[in-house]
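The structure is shown first, and the description follows.

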Amino acid sequence: MSGREERELLLVGVGIMGRPYVAAARRLGLRVRGIESQDWAAGIEGLVDAVEPSQGQYGSLDELWAETAHATALRSRPAGIFGFTECHVLGAALAQETHGLPGPSLGAAVVSRNKALQRGRFRAHGIGQPDYLLTNELAGAAEWAKARLPVVIKPLSSAGSDGVELVADAAAFDAAASRRASERPLLVETAVEGPEYSWEALVRDGEVWFANLTAKTTTGAPNFVELEHRAAVSLPPAEAEQVAELGRSVIAAIGMRTGIVHLEFRMTSSGPSVMEVAVRTPGDYIMELCSLAYGMDWFELVLRLVVGDELPPPPEGPVKFSASIFVVSDPGEVIAVDGLEEVRAHPAVVDATAKVKTGDTVQRTSSSLQRTGYAVLAADSREELEEAIEFVRRTLSIKTVPVATEE
C-alpha cells in the first residue's frame, strides 16, 4: 500500500451534514477516523474506517470533544484533522497545533468561538461593526441599551440564530432582562440596517484562494432565522472591493491561517458591518450551493487544504446559480405535508425534504433548528433560479393547526 493510501483524516464530528467530507476523503485516497458523540457513533459505523466515541454533545461541551481529539491524534498520528461544526472547532485546532498540521490557528479557533473576543479584535483593527456592550447582567446594561434602541441581544457562543433577539423598545428590553436574567455573559449590540450576506473563503497560509458571496433572507425581528441563501451573487464593483477588503481584514485580525471562513455581515449605507465570523463549515447547505455554483466540490477543496494537497486552478466564475430555501411553519400540530413530490420532480430542485410529519407538534420558530423543511436548487440562470424558488414556495406546504390547551 502506498504512503498516500495510508494517510488518515481525523474528522472531529460527522453528524449528517458532515458526511460529504467522508465521500471527499475517499476520492482523495484518505482513510477516515471519525470522532462522534456516543449517541451518534453507531450511525457512522461502516461509513468511516474507525469510530472514536466522545462524551461531547452537539451544541455544547467543546472540552469533551477536545479531550477525545487530543487522545485520538496522539494514537493515530493523522495526516490532517478537521473540526466539522462549532463545538468541534476548538478541539480540532488544539490537535492541529500540537501535531503541526494545517488549520485555522489556535488563536483563530478561540476567537471564532467567542463573539465578544471577535468584537474586541475588530474594534482594535478598525473593522466596521455594531457598537456593543459585554455584560454579565442584562438588567445592568439597561441604561446603555435604552440610549441606543433598537438593540440585539446575543450569547457569546451559538449558531443558527439561537439566542439572538432584537428588542425594539424599553419595555421589551426590561422583559428580556427579566426572562434572560440567568444567562451570562451576553452581548448587547446596536441593531444594524442593511441587506445580509455571508462570505465563504477558502484560505491557505493566510491568503484567500477563492471566495464566494451568499445573499441571505431571514424572518427578520426578533430572531432573524434564515429563510433563503443565494450563492455566487455579485455586487457593484465598489461594494465588491469593500467586501474583499473586509474579508482580508477579518482574516488578519483573527490570525486565520488555513481552512474555511464563514463571515456574516450587513451591507450598510456606510459599508459592510460584521455580524460574526466562524472558521468552520457553514450551515444551511451553503457548501453544497458553492459546489453547485462553481462546479467544484468544496468539501474536497477544504480537505485538500487540511492535508496539504495541491489545489486545482480556482474557478473563473459561476457555472450555475444555486439557492437553499427553508420552511418556517406556524406553531401547532402538523395536519398536512403537501407538494413535496412535485417539488422533488422539478428540474431545478437538487434535494428537498420535510422535517416533520402529520401529527408532529411545531414550536414557535426562534432558531434554525426549528425549521420544518428545505429545498436545494440549481439553475442555469438567475431568472430560472428565481422561478424555481417561487415554484417551491407555492408548492411545498406544511400546514398546522393550533394545539388545544387545557382550561
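By class, nine nonpolar and five polar residues line the largest cavity, with no charged residues among them. Here Ala, Val, Leu, Ile, Met, Phe, Trp, Tyr, Cys and Pro count as nonpolar, Asp, Glu, Lys and Arg as charged, and the others, Gly among them, as polar.

The model is predicted: local features need pLDDT of at least 70, side-chain atom pairs count only at pLDDT 80 or more, and totals for chains, interfaces and linings use all residues. Residues are numbered from 1 along each chain as its sequence is written, and side-chain values use heavy atoms, with hydrogens and water left out.

**Cavities.** The structure holds two cavities of 30 Å³ or more. The largest cavity has a volume of about 110 Å³. Its lining comprises 14 residues, of which F82, G83, Q96, P104 and V279 are the closest to the centre. A cavity is a set of points, on a 1 Å grid over the protein atoms alone, where a 1.4 Å probe fits but cannot get out; lining residues have an atom within 4 Å of a point. Grid points are joined across faces, edges and corners, and a volume is the space filled by probe spheres set on the points.

At least two lining residues of the largest cavity come from each of β4 (80-83), α4 (86-99) and β12 (259-268). The largest share, four residues, is supplied by α4. Helices (H or I, at least four residues) and strands (E, at least two) are DSSP runs, numbered from the N terminus.

**Strand β12.** Ten of the ten residues of β12 are buried, so the strand is largely enclosed by the rest of the structure. Buried means under 20% relative accessible area, exposed over 50%, and partly exposed in between (1.4 Å probe, protein chains only). β12 runs antiparallel to β9 (residues 196-204), with eight bridges between them, and E196 stands opposite R266 in β12. β12 is also antiparallel to β13 (residues 271-278), through seven bridges. In that pair F265 stands opposite V274, and a hairpin of two residues joins β12 to β13. Strands pair if DSSP finds at least two bridges between them.

**Strand β18.** In β18 (residues 373-379), seven of seven residues are buried. In a regular strand the side chains alternate between the two faces of the sheet. Both faces of β18 are covered, with G373, A375, L377 and A379 buried on one side and Y374, V376 and A378 on the other. Antiparallel pairing links β18 to β14 (residues 321-327) over seven bridges, where V327 stands opposite G373. β18 also pairs with β16 (residues 349-354) in the antiparallel sense over five bridges, and T353 stands opposite Y374.

**Backbone geometry.** Most residues other than glycine have a negative phi, and most peptide bonds are trans. The table lists exceptions.

| Site | Feature | Value |
|---|---|---|
| L149 to P150 | cis peptide bond | omega near -5° |
| R184 to P185 | cis peptide bond | omega about -10° |
| D205 | positive phi | about 55° |
| D284 | positive phi | near 60° |

P150 lies in the loop between α7 (142-146) and β6 (151-155), and P185 in the loop between α8 (170-179) and β8 (186-190). D205 is in the loop between β9 and β10 (207-218) and is exposed, with a relative accessible area of 61%. D284, in the loop between β13 and α10 (286-294), is buried at 12% relative accessibility.

Terms used:
On a 1 Å grid over the protein atoms alone, a cavity is a set of points where a 1.4 Å probe fits but cannot get out, and a pocket is an open set with protein on both sides within 12 Å along at least five of seven lines; lining residues have an atom within 4 Å of a point.
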